[in-house]
Protein chains: 2
Amino acid sequence: MTRYEKVAAVLRERIEHGIYRPGDRLPSIRAVCQEMEVSISTAQEAYRQLMDATLIESRPKSGYFVLPGRAPSVLPSISRPAQRPLDISQWDQVLELVATQRDDNRLLLGRGVPNLEYASLKPLSKILGGLHRSADLHGFNYDKLSGSPELRQQVAKLAVASGCLLHPDDILITTGCQEALSIALRLLTQPGDVVAVDSPSFYGTMQILKASGLKALEIPTDPQTGISLEALELALEQWPIRAIQVTPTFNNPLGYTMPPARKRALVQLAQRFDVAIIEDDIYGDLSFTQPRPPTIKSFDDDGRVLLCSGFSKTLGPGLRVGWMAPGRYRDQALHMKYVSTGASATLPQRAVAEFVAKGHYERHLRVAIRQYQRQRDVMIGWVQRYFPEGTGISYPQGSFLLWVELPAAVDCVRLNERLARHNVHVAPGSLFSASGKFRQCLRLNYAFTLTPAIETAVRTVGELAGEMVGESRASLV
Amino acid sequence: MTRYEKVAAVLRERIEHGIYRPGDRLPSIRAVCQEMEVSISTAQEAYRQLMDATLIESRPKSGYFVLPGRAPSVLPSISRPAQRPLDISQWDQVLELVATQRDDNRLLLGRGVPNLEYASLKPLSKILGGLHRSADLHGFNYDKLSGSPELRQQVAKLAVASGCLLHPDDILITTGCQEALSIALRLLTQPGDVVAVDSPSFYGTMQILKASGLKALEIPTDPQTGISLEALELALEQWPIRAIQVTPTFNNPLGYTMPPARKRALVQLAQRFDVAIIEDDIYGDLSFTQPRPPTIKSFDDDGRVLLCSGFSKTLGPGLRVGWMAPGRYRDQALHMKYVSTGASATLPQRAVAEFVAKGHYERHLRVAIRQYQRQRDVMIGWVQRYFPEGTGISYPQGSFLLWVELPAAVDCVRLNERLARHNVHVAPGSLFSASGKFRQCLRLNYAFTLTPAIETAVRTVGELAGEMVGESRASLV
């Protein structure tokens with residue numbers, strides 16, 4: 001046991017014995033150093049380990065706090081997907097979720113859209129407005145195929161926080177993260193190939209697999225530590241897997257963050273089997289703790305990780321500004337980018353570059369993160385209060401998406417049918433599976449400004465789910 | 001012979017006998033009606049036929065004029081591509097053309113970019129600026145997956161001029177025409193499939209074929225009437241062709257416009273063999289005559305034509321606003337659009353919709369078309385003056401691209417190497433072939449405001465090409 005593990009073990013024991021109780025502030029780093037006679041970095045590493053275990057959290061300018069006590073049963077259960085490659089279905093459900101936008105009075109509680117109401121976003125409007133109004137019409141011309149050099153430079157700077165040393169030329173700007181994921185999958189595969197994915201998995205990626213004629217091999221995934229490396233290893237031995245696709249940080253939808261050691265181990269596993277990793281880090285900047293968790297890419301020493309990200313979850317998806325760091329696949333990615341959409345739109349790139357360069361991005365992140373962290377706890381409180389007994393809830397350390405596992409009697413596709421009368425819609429869990437699993441699960445968004453109307457909607461979801469549980473019991477009698 | 005064909009034949013005879021000479025104004029429609037005792041629509045149809053034959057042209061508010069006399073040898077020769085499906089190469093050359101944008105002091109005479117300096121574009125900047133500055137941050141949210149309803153409505157209205165009756169729901173907004181073409185090809189094919197293309201053919205489409213593992217079957221193409229229907233029919237009998245990809249109006253690069261009767265015949269041929277047609281109409285609105293030529297889509301009565309277009313060649317490629325009317329393939333196209341980039345960027349769509357709705361688009365087209373028509377003749381004059389004897393030149397009735405066929409001794413890839421010293425670059429013809437044919441051809445852009453510097457550059461191209469012809473002769477001695 002290393003020194004920091006010993007410190008962490010002592011602190012963990014005190015939490016488990018109720019010496020520090022949920023909501024309590026923990027001793028400061030300095031206090032721990034004095035008490036246990038260790039260095040600052042050791043104390044920090046111990047706290048980091050406790051955060052990774054979701055026992056504590058850090059709050060900006062306030063310190064470290066014990067997280068609300070959660071019985072283990074409150075976490076969603078580990079996934080048990082089929083043990084063979086599957087064709088993807090569920091497009092109809094995805095279409096319903098993504099196609100209903102305007103002219104839709106329903107409250108879409110499950111959408112993956114950030115809060116766009118914060119004043120800290122306004123400088124971006126101003127910058128975009130200014131760029132467009134400037135007499136110069138060069139903004140209507142193409143930018144470089146790989147993207148605006150200014151933006152690539154800012155992205156390279158931002159990536160340092162996730163442990164990556166990227167050169168601006170390592171980066172391609174894309175039309176949203178979706179194009180980055182699409183490019184990555186297309187350049188690595190041929191129709192019929194098998195791709196290993198975490199499970200549940202983002203429906204957008206699953207639909208790329210469907211469109212490209214690929215098969216998904218869903219790997220069991222732990223709601224705290226992510227994709228099972230043990231199951232993945234077995235799968236790599238058994239199947240001709242062409243790529244591993246994961247969202248290891250603030251996973252959508254499960255909410256976990258893979259501990260750094262597991263991220264490193266995943267790279268080593270991929271190296272052993274000579275497989276590429278597609279890392280979706282679209283939520284990575286929305287970390288409730290600082291520094292943000294490292295990417296898998298930060299452990300990549302032979303260019304096999306294709307890191308995909310963008311600004312859709314921080315600045316807004318309507319901008320369509322994404323990026324990728326495709327490692328050793330840069331040339332193929334550039335070709336795929338060209339044939340997919342040509343160069344990316346010019347002025348949005350320059351505007352985002354200016355927004356980041358002037359410090360607005362960092363300021364906006366601070367605002368959004370603080371709100372999301374609070375709203376997570378409010379939303380969890382509502383789910384605990386209004387949802388049927390036996391409901392499991394994730395506890396994400398970043399981003400704005402909650403995964404809720406209801407009792408097995410609840411079918412969330414049918415739940416949505418009942419919710420339609422109330423103009424409410426959730427993202428049913430089956431969206432996140434190749435074959436319609438996770439029907440008793442749903443995804444909630446807590447980026448909304450949480451008004452009483454939202455609380456009423458969440459309560460309605462819980463009550464109608466409760467009715468389904470009741471009906472199921474009655475039918476058993 | 002119908003009545004209008006008789007009228008056209010009389011007029012054609014007069015032109016051929018020098019009664020009306022190049023540059024002469026022809027009798028007005030009204031005068032023809034009186035002289036030949038026919039209806040206005042018959043006279044108009046006769047003039048339309050002569051325009052299709054590129055014997056005359058109409059100039060806004062001035063009337064009809066005889067085109068400059070051209071010996072048949074001045075037109076580029078009909079293409080003789082390989083008679084078998086080919087894998088695509090040439091990405092290196094395409095990359096050189098599309099990747100060199102900023103930080104490049106060279107004059108790129110071959111780029112496919114419109115003139116972005118006209119004041120008639122400025123309202124678009126104002127509208128975009130206004131939309132972005134407005135306090136409302138909804139512009140950062142997704143729009144509908146199929147695109148902004150406002151823009152789809154405007155596109156449907158514009159399509160009427162090309163003979164299409166489209167409902168806004170028939171239209172998908174895309175990230176530039178390139179995404180539309182990419183979606184169309186991907187949804188119709190599997191890797192290894194054969195696609196029939198006109199030849200020469202737009203390099204962007206060829207690279208989509210390459211990225212998707214498709215084979216191009218290049219069909220001989222006439223520089224006046226387009227893809228050979230006879231050769232295409234033979235090819236359809238011989239090969240398992242999955243789709244026909246053409247740019248039938250103001251073809252890039254050859255410049256021809258398929259006569260309406262041939263467009264209709266192409267649809268019938270596709271129906272006979274049950275093959276889809278991908279129609280690239282990106283240059284269609286830049287017609288020097290009004291009304292603009294009909295699209296192939298306008299003859300499509302069973303939804304097999306996937307019409308692809310956008311605003312890159314009229315308003316600017318940096319906006320990345322394109323669209324497609326995928327006919328019976330709408331559902332698959334929507335899925336492919338989702339996986340490719342998600343919804344398209346929100347505010348550029350709304351801005352273009354407003355620009356069109358307020359009449360700015362029509363005004364801007366008038367300005368651009370008038371300039372391009374004049375500049376075409378200036379550029380042709382320069383090529384005739386400065387290029388070696390035996391050079392063939394296209395005579396497009398719209399758009400801003402000229403196809404130049406030099407004597408066989410000239411290799412335009414090598415010509416570009418020599419031009420590099422003069423900071424000049426042309427688009428070598430080999431870009432437009434699957435297998436590097438058309439090396440003695442090049443594409444010139446006449447959208448530039450034609451300054452003495454441009455004339456000097458064109459002269460340099462001609463002189464260096466002349467040197468290559470001279471060297472070839474010398475080596476034969």
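The following dialogue explains how several terms apply to this predicted model.

The model is predicted, so local features need pLDDT of at least 70 and side-chain atom pairs count only at pLDDT 80 or more, while totals for chains, interfaces and linings use all residues. Residues are numbered from 1 along each chain as its sequence is written, chains are lettered from A and ligands numbered from 1 in the order in which they are written, and side-chain values use heavy atoms, without hydrogens and water.

User: Why are β4 and β6 of chain A said to stand at the edges of their sheet?

Analyst: The open sheet has the order β4-β12-β11-β10-β9-β5-β6 in chain A. Strands are DSSP runs of E with at least two residues, and helices are runs of H or I with at least four; two strands pair if DSSP finds at least two bridges between them. β4 (172-174) and β6 (215-219) of chain A each have a single partner strand, so one side of each is left without a neighbour in the sheet.

User: What makes β11 and β12 of chain A a pair?

Analyst: Strand β11 (residues 305-310) and strand β12 (residues 322-325) of chain A are joined over four bridges, in the antiparallel sense. Within β12(A), A:M324 is the bridge partner of A:C308.

User: Why is B:F311 called buried?

Analyst: Buried means under 20% relative accessible area, exposed over 50%, and partly exposed in between, with a 1.4 Å probe and protein chains only. B:F311 has 2% relative accessibility and therefore counts as buried. B:Y361 is likewise buried, because its relative accessible area is 2%.

User: What makes the rings of B:F311 and B:Y361 an edge-to-face pair?

Analyst: Rings of Phe, Tyr and Trp (its six-membered ring) pair if their centres lie within 6.5 Å; planes under 30 degrees apart count as stacked, over 60 as edge-to-face and the rest as tilted. Here the centres are 5.5 Å apart and the planes stand at 75°, so the pair is edge-to-face. B:F311 lies in the loop between β11 and β12 of chain B and B:Y361 in helix α13 of chain B, 50 residues apart.

User: How do you know that the buried residues of α10(B) line one face of the helix?

Analyst: The buried residues of α10(B) are B:K263, B:L266, B:V267, B:L269 and B:A270. Seen down the axis, they fall within an arc of 160°, so they line one face; the arc is that of the directions from the helix axis to the C-beta atoms. On the other side of α10(B), B:A261 and B:R272 are exposed.
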